[in-house]
Amino acid sequence: MFKANHDIRQAILNSGLKFWQVAEAYGINDGNFSRKLRKELPESEKNKILNIIINLKEDLKNAG
């Protein structure tokens, strides 16, 4: 079974981040973020989330 927004889910897992961290940076709670990912998002929203993941990953890299 293919899950919606597989690319976002995979990016989060590959980055070492937690879903709640991305949700917090996106400005919503993790429950709402999980529900949002149930349906395929428009490319513009996906790009916004993927940029958040990239920025959080850089912040982690620079902090450690």
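What share of the contacts in the protein chain with a separation of 6 or more comes from residues 24 or more positions apart? In this predicted model, the share is 61%. The sections below start with the overall fold and then turn to single residues.

The protein chain contains four helices and zero strands. Along the sequence, the pattern reads α-α-α-α. The chain has 64 residues, for which a compact globule would have a radius of gyration near 11 Å. The value for the protein chain is 11 Å, so the two agree. Along the principal axes, the C-alpha atoms fill a box of roughly 35 × 20 × 20 Å. Of the 64 residues, 30% are buried. The accessible surface amounts to about 4500 Å². Carbon and sulfur atoms hold 51% of that surface. The chain carries 11 positive and 8 negative charges.

Ile-8 belongs to helix α1. Its relative accessible area is 0%, so Ile-8 is buried, the cut-off being under 20%. Residues up to four places away in sequence aside, Ile-8 touches Leu-37, Leu-41, Lys-46, Ile-49, Leu-50 and Ile-53. Leu-37 is 29 residues from Ile-8 in sequence. In space, the C-alpha atoms of Ile-8 and Leu-37 are 8.5 Å apart. Asn-47 is 39 residues from Ile-8 in sequence. The C-alpha atoms of Asn-47 and Ile-8 are separated by 9.2 Å.

Lys-46, one of the residues touched by Ile-8, is placed in helix α4. Is Lys-46 buried or exposed? With a relative accessible area of 5%, Lys-46 is buried. Beyond its neighbours within four places in sequence, Lys-46 is in contact with Asn-5, Asp-7, Ile-8, Glu-40 and Leu-41. Asn-47 also lies in helix α4. Asn-47 has a relative accessible area of 39% and is partly exposed. Glu-43 is another residue of helix α4, which covers residues 43-63. Glu-43 is exposed, at a relative accessible area of 52%. The cut-off for exposed is over 50%, so Glu-43 passes it. Glu-43 and Trp-20 are 23 residues apart along the chain. Their C-alpha atoms are separated by 21 Å.

Asn-5, one of the contacts of Lys-46, sits in the segment before α1 (6-15). Asn-5 is buried, with a relative accessible area of 0%. What is the phi of Asn-5? Phi of Asn-5 is near 60°, a positive value in a residue other than glycine. Most residues other than glycine have a negative phi.

A search of the whole structure finds two aromatic pairs. One of them joins Phe-19 and Phe-33. This pair is tilted, with 6.5 Å between the centres and 55° between the planes. Phe-19 lies in helix α2 (residues 19-26), and Phe-33 lies in helix α3 (residues 30-36). The pair therefore ties together parts that are 14 residues apart in sequence. Phe-19 is partly exposed, at 26% relative accessibility. Phe-33, at 0% relative accessibility, is buried. Ring pairs link Phe-19, Tyr-26 and Phe-33 into a cluster.

Asp-30 is also in helix α3. Its relative accessible area is 43%, so Asp-30 counts as partly exposed. Which residues does Asp-30 touch, not counting residues up to four places away in sequence? Asp-30 touches Trp-20 and Ala-23. Asp-30 and Phe-19 are eleven residues apart in sequence. From C-alpha to C-alpha, Asp-30 and Phe-19 are 6.8 Å apart in space.

Definitions and conventions:
Residues numbered from 1 in each chain as written. Predicted model: local features only at pLDDT ≥ 70, side-chain atom pairs only at ≥ 80, totals over all residues. Heavy atoms only, no water. Helix = DSSP H or I, 4+ residues; strand = E, 2+ residues; numbered from the N terminus. Buried < 20%, exposed > 50% of the residue type's maximum accessible area, 1.4 Å probe, protein only. Phe/Tyr/Trp six-rings, centres within 6.5 Å; stacked < 30°, edge-to-face > 60°. Contact = heavy atoms within 4.5 Å. Rg over C-alpha atoms; globule rule 2.2 N^0.38 Å. Areas by Shrake-Rupley, 256 points an atom, 1.4 Å probe, with all protein chains shown as cover. Lys, Arg positive; Asp, Glu negative; His and termini not counted. Charge placed at Lys NZ, Arg CZ, Asp CG, Glu CD.
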